[in-house]
Amino acid sequence: MKVILKDGSIREAAFEEKVGREAFFHTTAHILAQAVKRLYPNTKCAAGPAIQDGFYYDFAFDFAFSSERFAEIEKAMEQVIKENLPLRQFTLSREEAEKRVGEMGEPFKLELLHDIPPEEALSFYEQGEYVELCAGPHLAYTGEVKAFKLLSAAGSYWRGDEKKQKLTRIYGISFPDQKRMDAYFLRLEEAKKRDHRKLGQEAGLFAFLEEGQGFPFFLPKGVVLKNLLMDAWRKIHTREGYVEIATPMMLNRSLWETSGHWEHYRENMYTTVIDETDYAVKPMNCPGGMLVYKLKPRSYRDLPMRVGELGLVHRHEKSGVLHGLMRVRCFTQDDAHIFMMKEQMQEEILGVIRLIDEVYSWFGFSYHVELSTRPEHSIGSDEDWELATEGLKLALEEQGLSYEVNEGDGAFYGPKIDFHLEDSLGRSWQCGTIQLDFQLPQRFEAEYTGRDGEKYRPIMLHRVVFGSVERFIGILIEHYAGKLPLWLSPVQVKIVTVSEKTAAYARSVEKALQKEGIRCETDIRDEKVGYKIRSARLERVPYILVVGEKEAGAQSVSVWKRNKGDLGSMTVVEFAEMMRDCD
């Protein structure tokens, strides 16, 4: 299909390509807006971007909108598609653009226009009678959209500001053919079955309570799972020469002013006052790590200095975006910061890439990589940004990793590499990241003594592997449909009694397995054995051992394995040996 790029050029692009998918979803958002304007001419159009799975458009209706109107809107969209309207990009001078948008009667577009810097071109797209202030990209014709569906309507605020006008956001999805759309909805159905919130509750891992929205409660089994992940994290980082620290959860305003977070990130921070001084609960671990670096003089002999921290951070998220463990207000970030000299930069970046690749291989994840460049609002010199960006590019190329460039999506202090996992349903999750930072060492005046006795600034590398331990747990639960690998299962074995008569024997089996380091539980409830087996299967326990009078007499267990079924009878020693072979 032909795609009109942001610079106005046209190229062929497949739907599977990022630019092709973005153009496809973005064009469908315009088709939605055109259909809405045809049906309800008094409606004001706000904004309608492409998102990861489809698109949305924000509207200001002059009536109470509900999803009951989707059918008539979809019919109007079908007409726009049937007309196969060509999309034409054109630019206007600021004076012409303000006149054009003013004549369109679109106040939200006029506000967006006034926010565009004077040096930027004012780009418009036209399809039939519909004209939109927009940078693109877009399809060349509306007829390329062969299948689409409006999914939901929700309230939103103009520019995400609760003090501004409330709007109606309509979400949708579209595809080049019906087959792909059918497959998408099948995946959605499967995703519902794998919802980590449901499976996590069934397995007794965590809870979400009204008393702490966005703050997950980890239950005993959930803590076991979380600790297993963090123990594995600690083991590989110790092997790779990292030391672990723990920094305070709350630090005063002067620190966050020095780091730049008070200016650039304050709306996402929880603040308080202690002894008439402003404090903030940390949203990131980096500034605390910088203070640790500065505790004593450093020399080139100390570098690279690899410092890890499993730090609990808090970020203010709006209630509307909270979603189980995937979007929370507090989480454990598996941070690490590497302080290094310029000549060590390539080797350290490569070391982190290899570490991340190894960790993801534990779970069978494939991934793709994005390089995010300097955002509009940033700190630091052009020279430092160029050096940092080139450093990341060279490391990726040396490692032989293909990557996409994500223009303007870097952190405010430096460019970054993002690792996007692909789960068993083909969904993408951004988890690992590597960020080069020349700014924080300058702002904190961090130094090291070089071989020549002179003082130099270290380069700081920020990186995470899991990203958020909590979110990674949610991803794992959905990836495995709750059937976690044996080494990660909080309960590896459930021992089920046939009757009260075998309770004592079941307890002895439990103790014997626990001595072997096997995590197990015994179900001696006064329930039918079939009910207890179903309960254990609902918890996705890898092994179920059934013990009746026959097993007690023979000092054996009847073994059922998840995904394989009945393995027959064996002694406790034989079962423990089999478990060891599985590790």
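Trainee: What makes the sheet with the order 14-18-19-26-23-22-20-21 an open one of mixed pairing, and how many strands has it?

Mentor: Good place to start, and please keep in mind that this is a predicted model. The sheet has eight strands, and its pairing is mixed. At its edges lie strand 14 (243–244) and strand 21 (403–406), and each of these pairs on one side only.

Trainee: How do you know that strand 23 and strand 26 pair?

Mentor: Two strands count as paired if there are at least two bridges between them. Strand 23 (residues 428–437) and strand 26 (residues 459–464) are joined by five bridges, so they meet that cut-off, and they run antiparallel. Leucine 436, for instance, stands opposite leucine 461 in strand 26.

Trainee: Which residues touch the most other members of the largest nonpolar core?

Mentor: That core has 54 residues, and Leu229, Tyr360, Phe363, Ile434, Leu436 and Phe472 touch the most other members. Helix 11 (residues 345–362) gives the most to this core, with nine residues. There is also a second, separate core of 38 residues, which includes Leu5, Ala13, Ala29 and Cys45.

Trainee: What is isoleucine 434 in contact with, leaving aside neighbours within four places in sequence?

Mentor: Its partners include Ile349, Val352, Ile353 and Ile356, and also Leu392, Leu461 and His462.

Trainee: Why is cysteine 45 called buried?

Mentor: Buried means under 20% relative accessible area. Cysteine 45 has 1% relative accessibility, so it counts as buried. Cysteine 286 has a relative accessible area of 4%, so it is buried by that cut-off too.

Trainee: What makes the span of helix 7 close to the expected one?

Mentor: Helix 7 (residues 220–239) has 20 residues and reaches 29 Å from its first C-alpha to its last, against 28 Å expected at 1.5 Å a residue. Among its buried residues are Leu225, Leu228, Leu229, Ala232, Trp233 and Ile236. After the helix comes glycine 241, with a positive phi near 85°.

Trainee: Why are strand 2 and strand 9 called edge strands?

Mentor: Because each of them, strand 2 (10–12) and strand 9 (138–139), pairs on one side only. They belong to an open sheet of three strands in the order 2-1-9, with antiparallel pairing. Strand 1 (residues 2–4) is joined to strand 2 by three bridges, and isoleucine 4 has isoleucine 10 as its bridge partner.

Trainee: In which sense do strand 30 and strand 31 pair, and over how many bridges?

Mentor: Strand 30 (residues 556–561) and strand 31 (residues 565–571) pair in the antiparallel sense over six bridges. Serine 558 has serine 569 as its bridge partner. Their hairpin has three residues between the strands, and asparagine 563 there takes a positive phi near 75°.

Technical notes: Residues numbered from 1 in each chain as written. Predicted model: local features only at pLDDT ≥ 70, side-chain atom pairs only at ≥ 80, totals over all residues. Heavy atoms only, no water. Core = buried A, V, L, I, M, F, W, Y, C linked by side-chain atoms within 4.5 Å. Buried < 20%, exposed > 50% of the residue type's maximum accessible area, 1.4 Å probe, protein only. Helix = DSSP H or I, 4+ residues; strand = E, 2+ residues; numbered from the N terminus. Contact = heavy atoms within 4.5 Å. Expected span 1.5 Å × (residues − 1).
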